[in-house]
Amino acid sequence: MIVSDSFVRSKKARDVAFTTHPGDRPLVVQLAASTSEQFAAAAELVAPYCDAVDLNCGCPQRWAMAEGYGAHLIDHVDLLADMVQQAKRRSSLPVSIKIRIHSNLKETVELVRRAEHAGVSWLTVHGRTVKQRTEPVSLEAIKLVKESVGIPVIANGDIFNLKDVAQVHSSTGVDGVMCARGMLQNPAMFSGCESTPKECIKDWVDLALTMGVPFSCFHHHLIYMMEQSLPKYERLTFNSLPSTPAVLDYLQSHEFL
C-alpha cells in the first residue's frame with residue numbers, strides 16, 4: 001500500500017515506495033488516499049509502469065483510518081465513487097477496490113453496487129468487519145457480495161493452502177482469491193506445496209539479485225519464507241543478518257542454495 005499524498009508530493013517518497021521492473025507484469029499498484037485528487041494524481045504517476053490501480057478501502061489500522069485512508073472509506077460511498085471516477089479519467093487505467101464488510105451487510109451491498117456503477121473493474125472483499133481480527137471470515141458475506149454485482153469478485157482472508165482456496169470458491173462462487181500471509185509464508189502455495197520448498201527460495205534469491213531488490217525487501221521476504229523451516233533459535237540468527245552477503249553465506253552454509 002502506497003500513501004498517495006506523500007507519493008505525489010515527494011520524489012524521495014516515490015523512489016522509496018515504488019520500484020518495479022519491465023518483467024514485473026501484469027502489475028496492480030495499491031494506493032491509499034483520502035481525497036479524489038490524491039488518488040487520481042498518484043494513479044496518473046504510476047500509470048506508465050503498471051496495468052491497474054487498486055484503492056485500499058480495507059485497512060483497519062487506527063492510523064490509516066484517522067487519516068481518512070483504508071476502511072474509513074467504506075462509510076463514505078459518495079467520496080469513494082468519485083475517487084474511482086477521477087482516477088479512471090486521469091490515468092485511463094482499470095481501477096479496483098479492496099474492502100471490508102459492514103456489520104449491516106445492506107450497507108456493504110449498497111457500497112459494492114455504487115462502486116460498480118462508478119466504474120470499478122473488479123473488487124476484493126475481506127470477509128471481516130473493521131473491528132474483527134481473529135474471528136473467522138464470513139463466507140456468507142462474501143457470497144452476498146458476489147451475488148450483488150456483475151463484476152469479478154475476489155475473496156480475501158484466512159487462505160493458507162489449496163484446500164482453503166477450494167472451500168472459499170465452492171462456498172461463495174467468487175472469481176478468484178487473494179492471500180497475503182499465506183503467500184508470504186509460502187509463495188509456492190498455489191502449486192500445492194505445504195511449505196516453501198528450497199527451489200522457491202533459490203528462485204527468489206536469483207530474482208532479487210538479478211533485479212536489484214533492496215536488501216530490506218530481499219531479507220524480509222526470506223524471513224517469512226523460512227519461518228517454517230527453521231527452529232526458533234535459528235530464526236533469531238537469520239532475522240538479524242545485516243547484509244546480502246551475510247544472508248547468502250547463511251543460505252549456502254545451511255544448504256538452502
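Exposed means over 50% relative accessible area, buried under 20%, and partly exposed in between, with a 1.4 Å probe and protein chains only. Helices here are DSSP runs of H or I, at least four residues; strands are runs of E, at least two; both are numbered from the N terminus.

A word on the source. This is a predicted model, where local features need pLDDT of at least 70, side-chain atom pairs count only at pLDDT 80 or more, and totals for chains, interfaces and linings use all residues. Residues are numbered from 1 along each chain as its sequence is written, and side-chain values use heavy atoms, leaving out hydrogens and water.

Back to α13. Which residues are buried in this helix? They are V247, L248, Y250 and L251, in a helix that spans residues 244–253. Seen down the axis of α13, the buried residues fall within an arc of 160 degrees, so they line one face of the helix. That arc is taken from the directions from the helix axis to the C-beta atoms. In general, an α-helix has 3.6 residues a turn, so residues three or four places apart point the same way.

What covers that face? The cover includes α10 (198–211), α11 (215–225) and α12 (232–239). Contact means heavy atoms within 4.5 Å. After α13 comes E255, with a positive phi near 60 degrees.

Next, the sheet. It is open, with seven strands in the order β1-β2-β3-β4-β5-β6-β7, and the pairing is parallel. Two strands pair if DSSP finds at least two bridges between them. At the edges stand β1 (2–3) and β7 (176–178); each has a single partner strand, so one side of each lacks a neighbour in the sheet.

Look inside. Strands β2 (residues 28–32) and β3 (residues 52–57) run parallel, joined by four bridges. Q30 has D54 in β3 as its bridge partner. Helix α3 (residues 36–46) packs on the sheet and touches β2, β3 and β4 (95–100). The direction of α3 makes about 150 degrees with that of β3. Axes are lines fitted to C-alpha atoms, for helices over the stretch in contact, with angles from 0 to 180 degrees between N-to-C directions.

Last, the cysteines. How many disulfides are there? Zero, counting pairs of cysteine sulfur atoms within 2.5 Å. Why does C179 form none? Because its closest cysteine sulfur, in C200, is 13 Å away, too far for a bond. C179 is buried, at 15% relative accessibility. The sulfur of C193 is 7.9 Å from its closest cysteine sulfur, also in C200, again too far for a bond.
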